[in-house]
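Let us read a structure together, one feature at a time. The model is shown here.

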Amino acid sequence: MDILLEVSDLKAGYRDVEVLKSVNVKVKKKEIVAIFGSNGSGKSTLLKTIAGLLKHWGGVIRFLGRVIDNLSVEERVKRGISLAVEGRRLFLGMSVEENLILGAWTKRDKLKLNLERVYSYFPQLAEKRKALAGDLSGGQQQMLSIGRALMAEPKLLMIDELSLGLAPVVVEKLAEILLKIKAEEGISILVVEQEVSLALEISERAYIFDLGEVVEEGNSADLIKKDSIRRTYLSLS
Ligand SMILES: Nc1ncnc2c1ncn2[C@@H]1O[C@H](COP(=O)(O)OP(=O)(O)OP(=O)(O)O)[C@@H](O)[C@H]1O
Ligand SMILES: [Mg+2]
């Protein structure tokens, strides 16, 4: 079976406002899937609901064939779902290494190994291991956020807003590292990315959201050629 995550007919929201109407999203093993679409269309809500930070209102979330929608965040992390969140949510007054260690609570026995593994992907974090997270650049904070998620040895790494606020060279480097992580570890990555050309370049498949629904999906290589996508999201004719 090559499906890792299967979200079917998912509904979720906040208080009495339904945001996700009936969302269907799949992530296969060893695949990068991108999500993009207008502001407020429910991309972050989807990731939070998959991670268990938000309650699902209806539909089913399956991970490796098992229904997970009533599991706690902790249980989902143990099964292999990690989220690197928008705005990074790091402990800014703690060191880089302390932040990484916080991500490792499910894998205490492999702490040293995983620290070295994360430092090998992100040498800049190794150099700054004693520095405060609050003193890092934006790009380094994003690396730390992803590194912290990797400390739990996820099978599915979710990243909300990969490139937000970062310089193009930094984003390019991050994209390279993600491709390397996928190739070396065989994990899947579900990434929300506003920069549509980047999203389509690094992913195998993509979903486009609008008003809490998937309005378009397909292979990224096909989507990037589509006139409607090029006009709406890439400002190209
Ligand atoms: N904590 C919250 N309480 C109430 N409503 C919320 C909350 N978070 C988000 N919403 C609303 O839910 C809708 C979807 O928000 P969400 O953050 O999922 O969108 P998004 O696609 O990630 O947008 P963006 O591109 O701006 O990050 C929006 O209308 C938003 O105002
Ligand atoms: Mg968002």
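Q: Which residues does Lys28 touch, not counting residues up to four places away in sequence?

A: Two residues are in contact if their C-beta atoms, placed from the backbone, lie within 7 Å. By that rule Lys28 touches Asp2, Ile3, Leu4 and Ser188. This is a predicted model, in which local features need pLDDT of at least 70, side-chain atom pairs count only at pLDDT 80 or more, and totals for chains, interfaces and linings use all residues. Residues are numbered from 1 along each chain as its sequence is written, and chains are lettered from A and ligands numbered from 1 in the order in which they are written.

Q: Where does Lys28 lie?

A: Strands (E, at least two residues) are DSSP runs, numbered from the N terminus. Lys28 belongs to strand 2 (residues 17-28). The C-alpha atoms of Lys28 and Leu5 are 6.7 Å apart, although 23 residues separate the two along the chain.

Q: Why is Lys28 classed as partly exposed?

A: A residue is buried if 20 or more other C-beta atoms lie within 10 Å of its own, exposed if 12 or fewer, and partly exposed in between. Lys28 is partly exposed because it has 16 other C-beta atoms within 10 Å.

Q: Which residues touch the most other members of the largest nonpolar core?

A: A nonpolar core is a set of buried Ala, Val, Leu, Ile, Met, Phe, Trp, Tyr and Cys residues joined through C-beta atoms within 7 Å. Here the largest has 65 residues, and those touching the most other members are Ala34, Leu156, Met158, Ile159 and Ala206.

How values were computed
Helix = DSSP H or I, 4+ residues; strand = E, 2+ residues; numbered from the N terminus.
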